[in-house]
Amino acid sequence: MLTRKLPTSAWAYTIANEIARINLVLALFNLIPGLPLDGGQVLKAAVWKLTGDLFTGVRWAARTGKGFGLVALSLGLGMTLLTGTLAFIWPTLIGWFIFRNASAYDQLTTLQEVLLKLVASNAMTRDFRVVEANQTLRSFADEYILTDRQNPMPYYAAANGRYRGLVKIEDLHFVERSRWDTETLETIVRPLSEIPTVEEKTPLVEVINSLEELNIKRVSVLSPAETVAGVIDRGDIVRAVARKLNLAIPPAAIQRIKAEGVYPPGFQLVEIAKTLSSVTNT
C-alpha cells in the first residue's frame, strides 16, 4: 500500500504551527501574576509603584505565586490519583516549582526586611576588655594574654577615663622583649580614629558590608560620646538576625561562626546586604 508523503512545505508548516502553539501557551502561562513568573514581576512592579514599598510588591507577587502553585499542585495530584495515570504529572511538577520558588521569594523578603530594621546596637556585645594604658607590656602579657588564651577577645586601652585605642596582640611582636618591662601599652595602641568603627545607629547592612569590604573579623561600635560601646563579629550578626526571626541557633554554632569568621551555609547575608545597599542607594 502506497502512502502519500506530505510536501516539505507542509511539514514545515505543521512544525512551525506546533511551535507557535507551544510558545503561545508558555507565554500565557508566564503572564500569571505570581512570582517567579514574569507576570509576578509585573505585579511586583505595579504594587511597588502604587505603595512606594518594594517589599510590599514582592510579598503580593510571592503570595499570589504560592497560591497558584498550591492550586496547580493540588489539581495535578488530585487528577493523577483519580485517573491513575501520569498524564497530569506536569501540572503537579509545575505547581511545586512555582510554590517552592515563590516561598523562597517570601522568605528572602522577610530576611531583607529584618536586616533593614536592625542597627549596630541590636547586634553588638560587650565581649571585650578595657585595660590600663599605662601598664607595661610585660604586665599586660602576664595578666591577660596567658589567661585569656582559651577565650581571646579584643582589648581597649584607657587612661584617665578616656579610651586610647585598640590593643592588637600581634603588635607586641614588633617590640623587643627586653623592652617589655619599660614600654607601656601607649606605645602600641591603635587610636580609635585609625581602626574600623561604626556608630550604634549604623544600619546592620552597612556593618555586614564593612566586615566584608575590609576583610576583618570584627568591628568596634562607638557611642555618641566616642567611647567603645561594643563589638560586632559575624556570630553576633547571625545571632541578632536569628533572634529577630525567632530562629533557635545553638550557642555552640554561634561560637563556631565567631571562631571561623564565616557565615553558615544558606545564610546569604553578604549577598543580601549588597543587594539592599544598591536598592536603598538608588
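## Strands, turns and packed helices

The model is predicted, so local features need pLDDT of at least 70 and side-chain atom pairs count only at pLDDT 80 or more, whereas totals for chains, interfaces and linings use all residues. Residues are numbered from 1 along each chain as its sequence is written, and side-chain values use heavy atoms, with hydrogens and water left out.

The protein has 10 helices and 6 strands, assigned as DSSP runs of at least four residues (H or I) for helices and at least two (E) for strands, and numbered from the N terminus. Of its 282 residues, 37% count as buried, a term that means under 20% relative accessible area, with exposed meaning over 50% and partly exposed in between (1.4 Å probe, protein chains only). When the contacts (heavy atoms within 4.5 Å) between residues with a separation of 6 or more are taken, 64% of them link residues 24 or more positions apart.

### The sheet around E2

The strands E1, E2 and E3 form an open sheet of 3 strands in the order E1-E2-E3, and its pairing is mixed. E1 and E3 are the edge strands, each with a single partner strand, so one side of each has no neighbour in the sheet. From one strand to the next, the twist averages 35 degrees, an angle that, like those between helices, is taken between N-to-C directions on a scale from 0 to 180 degrees, with axes fitted to C-alpha atoms and, for helices, over the stretch in contact.

Which residues of E2 point each way from the strand? Tyr155, Ala157 and Ala159 point one way while Tyr156 and Ala158 point the other way, and all are buried. Because 5 of the 5 residues of E2 are buried, this strand is largely enclosed by the rest of the structure.

Towards E3, alanine 157 has glycine 165 as its bridge partner, and tyrosine 155 is partnered in E3 by valine 167. E2 and E3 also form a hairpin with 2 residues between them. Asparagine 160 is found in the loop that connects these two strands, and its phi is near 55 degrees, a positive value in a residue other than glycine. With a relative accessibility of 73%, asparagine 160 counts as exposed.

### The sheet of E4, E5 and E6

Another open sheet of 3 strands, again with mixed pairing, has the order E4-E5-E6. Here E4 (197–199) and E6 (228–233) stand at the edges with a single partner strand each, so one side of each is left without a neighbour in the sheet. The twist in this sheet averages 35 degrees from one strand to the next.

Serine 220 has valine 231 of E6 as its bridge partner. In the loop between E5 and E6 lies glutamate 226, a residue other than glycine whose phi is positive, near 65 degrees. Glutamate 226 has a relative accessibility of 51% and therefore counts as exposed.

The table sets out strand pairs from both sheets, where two strands pair if DSSP finds at least two bridges between them.

| Strand pair | Sense | Bridges |
|---|---|---|
| E1 (residues 129–132) and E2 | parallel | 4 bridges |
| E2 and E3 (residues 162–167) | antiparallel | 5 bridges |
| E5 (residues 218–222) and E6 | antiparallel | 5 bridges |

### Two helix pairs

Helix H7 (residues 204–214) packs against helix H8 (residues 234–244) at an angle of about 155 degrees, and their axes are 11 Å apart. H7 and H8 are therefore roughly antiparallel to each other, the label for angles over 145 degrees, while those under 35 count as roughly parallel, 65 to 115 as roughly perpendicular and the rest as oblique. H7 contributes Leu204, Val207, Ile208, Leu211 and Glu212 to the contact, and H8 contributes Arg234, Ile237 and Val241. By class, these residues divide into 6 nonpolar, no polar and 2 charged, where Ala, Val, Leu, Ile, Met, Phe, Trp, Tyr, Cys and Pro count as nonpolar, Asp, Glu, Lys and Arg as charged, and the others, Gly among them, as polar.

The buried residues of H7 are Leu204, Val205, Val207, Ile208, Asn209 and Leu211. Just after this helix, asparagine 215 takes a positive phi of about 55 degrees.

Helix H3 (residues 54–83) and helix H4 (residues 89–117) also pack at an angle of about 155 degrees, with their axes 7 Å apart. That angle makes H3 roughly antiparallel to H4. The contact of H3 with H4 has 16 nonpolar, 10 polar and 5 charged residues.
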